[in-house]
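Open your viewer and get ready to select residues by number. We will go stop by stop.

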Amino acid sequence: MRLSRFYIPTLKEDPSEAEVVSHKLLMRAGMIRKLTSGIYNYLPLGLKSVNKVANIVREEMNRAGALEVLMPMVQPGDLWQETGRWDYYGKELLRVKDRHGRDYCLGPTHEEVITDLVRGEVKSYKQLPLNLYQIQTKFRDEIRPRFGLMRGREFIMKDAYSFDKDEAGAEESYANMFEAYKKAFSRIGLNFRPVQADSGAIGGDFSHEFHVLAETGEDTIAVCKDEKCGYAANLEKAKVAAPAGESMLKDECPAIEEVATPGKHTVEEVCEFLGVSQDKLVKTLLFTVDGEPVAALVRGDRELNDVKLRNLIGGNEIEMANEGQVKEWTGAPVGFAGPVALKVERIFADHELLAATDWIAGANKGDTHIKHLSLGRDCKIEQFADLRVITEADPCPECGAAIEFTKGIEVGHVFKLGSKYSKSMEATFLDENGKTQPMVMGCYGIGVSRIVASAIEQNNDENGAIFPPTIAPFEICVISLGGKDAAVNEKAEELYNELMEMGIDAAYDDRKERPGVKFADADLIGYPMQLVIGGKGLKNGIVEAKNRKTGEKIELPLEGFTEAFKTWRAEIWQSWGLKA
C-alpha cells in the first residue's frame, strides 16, 4: 500500500483523555478515534490489525473443528428471561424496546441466542458434538469505560459454544478449545499465561482465563514459582491452603470480656488502641447474598474474597450491607460488628481462623469490642472455608512452593457451562436409549480488539508501538528518501513490488514528507521491519534494514536482495518465537 494514498492521521502529542500506553499509541498512530464514551471508530490501520487477529483466531477455530456462524447483535428479552439473566445480568445489559413495546437488548454475549438456535435444530445424539462460533461486535454498558480498547463498551469478540451429549464429551471439547487458544495466542506472538478463573455472570463450574503478561495489566495473577507445578490463578479464584495441624476451636480461653474502644472503627485503629497486632482480631463483614443477610469472618490483617463467599453459598448477587442494615443486624454503628449475638443466622468463617483462638472482635455495641472470643464456644459458624484473598506470603495451594504475583490483561476465557442454559431453555436431545437429556455446554471467548491493545501494552518503547509481525498493520515499511531523486524512488518502488510479490504485506512510504517525519511515523505505528533507501545507499548498492523490536540496523545488498532479506526476516520472526 502506498502511504500517499492511505489514511493515517497520526498525532504528535498524547491525547489528554488517554490513560494507558495502548490507548495513547492507538490514538497517536491513527488507528482508532473516539466516537463517544467507550465506543471507537476503527481507522484503516487499526482495522487491518484487528482483522489479522481475527483471521488467526478463525484459522485455529476451524482447525479445531468449530463452525463459523453469525448471530444478531440485537436479542429478544424473552430469551434472557428464560434463563433468568434479564434481571441478574445487571445494568451492563443495555435494554431497549421496539415500536411495539417488546423488550430487546444489545448482546454482551450470546449463550441464550445460540442455545435457542441449537434447540430448534438438534434433536439426536447423532448430531453431537457441535461447536459453533462467531466473530462479532458485543456491547456491555460498562459503568466506567476506560483505557481505549482495553475496556470499552463496544468491542469485537470471538465467542464459541460447544454442545455435547455428556460430561466426558464436554471435557474433550473444553480441552480442544484450550489447546486451540494456546495455538492462536502463540501464533500471534504474545507472552501469555492460562490461569484458573471464576466464571462470573456467564455461569458454569470451571473456567480458565488467558492473560497477556504486561506490567500495565489490570488483573493480578498468583503464579507458583515452581515451573514444574504450573499453578496459576487470578486473585478471585486463587485458592488458599487450609492451615496445617489440629483445629483450635475446642481450646479453652478466658471468658469474654468487653473493652471500651471509643471512636475506634477500623482494624488499624482498634489494634493500635489495644496494643495488639492485626492478626489477633476477627473481622466481621456483613453482606446480602441474593437479598439474604450473611456474615463472613476473616482475620484482621486479611482481605475477604467476596467471590469465594458468593460461590460457597451458591448465590448470584452479593452486596455489602449498607449502614442501615449494619445497625439493624448488630445494634451498633459501622465498625463494631462481631459474631456473638449477631442478628444474622448464616455466619461463615475463613478456615485460617481454625488455627488459633482467643480472638478480639466487635461487640455489636457502639464504641465496644470483646476480648477472649472462642469461635467454637461463643458463636455458631455454619461453615469454615477458604474465603480470603491469597497473598504472596501464602504457599502454592497445589505443591506448597512459593507464590509470586504478576500482572496480566485478560484476552480470552473458556468456560465449562454444564447444563445451566440447556436445562432452563430446554435444549434437549434423545440419547442412544431414546431418553431425553439436556445438552452439556461450553463457552469460549476471545477479545479480538482487546488483543491489539494488549499487544501494544506488552510491546512498546518511548517511540511508539512494537507490533508482532503477525498482527502489525503492515509487516514492513519501505521508506524512500529520494525526494525528487527519480532513481531512488524507482528503486524503492522496485523493492516494494518485490516484497509484495513475495506475499509480504508491505507499505511504501512515498509521501512528500521530511525523512524525520517518515522515521517517526514508522516507529510510532510499530512496523516490525523498515527498509530505508536513499541516494548514498543506492550508490553503494545497499539498503538499510531496521528491526523495530531491537532497534538494530543492518545493510542488505541490493544485488541478491531477495535471499538476504528472507534470512533477515526469518531471524526477526524467530525473535518473536514465530516461524516466518
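At what angle do helix 2 and helix 12 pack? Select residues 44-63 for helix 2 and residues 448-458 for helix 12. The angle is about 115°, and the axes are 9 Å apart. That makes helix 2 roughly perpendicular to helix 12, a label for angles of 65 to 115 degrees. Helices here are DSSP runs (H or I) of at least four residues, numbered from the N terminus. Axes are lines fitted to C-alpha atoms over the stretch in contact, and angles run from 0 to 180 degrees between N-to-C directions.

A word on the model before moving on. It is predicted: local features need pLDDT of at least 70, side-chain atom pairs count only at pLDDT 80 or more, and totals for chains, interfaces and linings use all residues. Residues are numbered from 1 along each chain as its sequence is written, and side-chain values use heavy atoms, leaving out hydrogens and water.

Stay with helix 2 and helix 12. Their crossing is right-handed: the near helix is turned clockwise from the far one by less than a right angle. Now show the side chains in contact (heavy atoms within 4.5 Å). Helix 2 brings Ser 49, Val 50, Val 53 and Ala 54. Helix 12 brings Val 448, Ser 449, Ile 451 and Val 452.

Next, select helix 13 (residues 486-501) and helix 16. Their axes come within 12 Å and cross at roughly 60°. This crossing is right-handed too. Leu 495, Glu 498 and Leu 499 of helix 13 touch Phe 561, Thr 562 and Phe 565 of helix 16.

Now for the rings. The whole structure holds 13 aromatic pairs. Rings of Phe, Tyr and Trp (its six-membered ring) pair if their centres lie within 6.5 Å; planes under 30 degrees apart are stacked, over 60 edge-to-face, the rest tilted. Phe 565 and Trp 568 have centres 6.1 Å apart and planes at 55°, so their pair is tilted.

Select Phe 185 and Phe 192. This pair is tilted, at 5.6 Å centre to centre and 55° between the planes. Both residues are buried.

Last stop: Lys 549 and Trp 576. The charged end of Lys 549 sits over the ring, 4.3 Å from its centre. That label needs NZ of Lys or CZ of Arg within 6 Å of the ring centre and within 35 degrees of the ring normal.

Technical notes. Buried < 20%, exposed > 50% of the residue type's maximum accessible area, 1.4 Å probe, protein only. Helix = DSSP H or I, 4+ residues; strand = E, 2+ residues; numbered from the N terminus. Parallel < 35°, antiparallel > 145°, perpendicular 65-115°, else oblique.
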